Structure formats: structure tokens, C-alpha cells
Amino acid sequence: MKSVLIVGLGRFGQHLCRMMVKLKNEVMVIDVKEDNVEAMMPFVTNGQIGDCTNVEVLKSIGVNNFDICFVCIGTNFQSSLEITSLLKENGAKYVVSKATRDIQAKFLLRNGADEVIYPDRDIAEKAAFRYSSNHVFDYIELNNEYSIYEIPVAAEWVGRTIKDVNFRARYKVSILGFKQGEDTQLLPMADKVFDDKEHLMVVGRIEDVNRLLEKFDNVKVKKNRK
């Protein structure tokens with residue numbers, strides 16, 4: 001469990017707030033709009049109406065007491081930049097700021113952000129990637145080279161075990177688990193039998209997954225951004 005401060009309660013800030021609470025974190029929110037703060041009060045540990053470009057407001061909430069501070073302002077970049085800088089100046093341990101463009105990310109990082117996220121771009125890329133292929137049901141990018149993919153079971157594997165297929169040596173891709181509906185079996189043993197009713201969760205390099213997916217109509221996965 002972590003102590004979290006969320007500054008800015010637009011759509012992203014509210015979704016982030018609900019998920020952080022769901023994951024058992026202690027969350028405080030702050031926004032200039034009373035309605036936004038009131039909407040989150042049933043979920044959060046504390047909420048405050050205030051303008052975080054005012055250093056006295058930040059000092060009053062003790063930003064150094066939070067494990068993570070999120071700056072989720074999307075429509076006013078100047079305010080986002082000022083708040084990011086003020087958070088670090090007043091002892092924030094780790095600041096994550098939202099950006100919509102690369103140039104914004106550069107300025108945020110220079111002004112104190114420990115990390116910058118692009119929620120709109122990331123969701124758009126994930127949706128485009130998923131719905132442009134019939135053979136990748138989901139994926140999670142780990143870094144510039146590796147990602148986790150949810151893919152189907154090839155017909156030639158059905159009824160055989162992971163050991164029989166010699167999966168890791170043959171494809172240079174590791175199986176993290178098998179998924180059927182909401183049920184997931186992680187870290188399967190070598191005697192696990194492939195079933196065409198299940199999906200595979202695999203992790204590997206882009207090039208290796210591309211070669212694996214050639215089994216499914218030569219579908220190619222995209223290169224991760226750098």
C-alpha cells in the first residue's frame with residue numbers, strides 16, 4: 001500500500017484515483033473544481049479544493065509525506081509544469097506527470113518530473129495494435145525490446161505438452177501462462193498440454209514474436225516506440 005497524491009481530476013485523474021483506491025492505496029485528491037473533488041470523496045482518504053500553482057496550498061498538504069504525486073492536468077500545460085516544479089521543490093519523493101506531446105515531456109522532465117506518462121497516446125496505440133490483428137488479443141509493453149502478448153494456440157500444438165513442442169528453444173519466446181475467459185494459469189509446468197480453447201500469454205522480443213506469429217497468416221506486430 002502506498003500514499004498517493006493526485007493533482008487534477010479530469011477523466012484520467014478520476015480513473016487513476018478509482019484504480020489506486022481499488023488497489024488498496026491511500027489516496028488524497030486536489031482540484032480547483034469543487035464538483036470534481038466531491039465526486040471522488042466517497043472513494044478517497046482525503047480531498048481538497050485548491051490551486052496547486054499556489055505554493056502555500058502545496059505546503060499545507062505536506063507533499064513530502066506521499067510516496068507518489070501524480071500531476072494529471074491535461075488542458076493547461078503551464079499549470080502542469082508549474083505544479084510539477086513546485087512539488088519537487090517542496091520535497092515530493094516521486095512525481096509522475098501527464099503529457100500529450102513529446103515536447104511537453106521534455107519540459108516536465110527538466111522541471112522535476114521523475115516520470116512522464118502519455119495515457120491518451122498509450123491507449124490509442126494499444127487499441128490500434130489490438131484491433132488491427134486477429135491474432136493478438138492483448139499486449140503489455142515492457143520496454144523498447146520486450147512485451148507480453150496474448151495469442152491463440154496453434155493447431156499443431158493442440159494435445160501436445162510444452163516440453164513436446166520444445167517451445168522456448170524452438171521459438172525463443174517464453175510462456176507466462178494460459179488464459180481461458182477470466183481464468184488464468186500462470187507459470188505452467190513443462191507437462192502442461194496445449195488446448196485450443198485457451199490463449200497463450202507469452203513474453204519475448206519483437207523479432208521473435210513476429211516469427212512465432214507467422215504461424216497465424218504472417219501477421220506482424222508493430223515495433224515498440226523508442
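These legends walk through a few views of one predicted protein model.

View 1. Along the principal axes, its C-alpha atoms fill a box of roughly 65 × 35 × 25 Å.

**View 2. What is tucked inside.** Of the 226 residues, 44% count as buried, meaning under 20% relative accessible area with a 1.4 Å probe, protein chains only.

**View 3. The largest pocket.** A pocket is an open set of points on a 1 Å grid where a 1.4 Å probe fits, with protein on both sides within 12 Å along at least five of seven lines. This one has a volume (the space filled by probe spheres set on the points) of about 540 Å³. Its lining has 27 residues, and Gly10, Cys72, Ile73, Gly74 and Thr75 are the closest to the centre; lining residues have an atom within 4 Å of a point. Two or more lining residues come from each of α1 (11-22), β2 (26-31), α4 (77-89) and α6 (119-131).

**Notes.** Residues are numbered from 1 along each chain as its sequence is written. Local features need pLDDT of at least 70 and side-chain atom pairs 80 or more, while totals for chains, interfaces and linings use all residues, and side-chain values use heavy atoms, leaving out hydrogens and water.

Note on methods
Helices (H or I, at least four residues) and strands (E, at least two) are DSSP runs, numbered from the N terminus. Buried means under 20% relative accessible area, exposed over 50%, partly exposed in between (1.4 Å probe, protein chains only).
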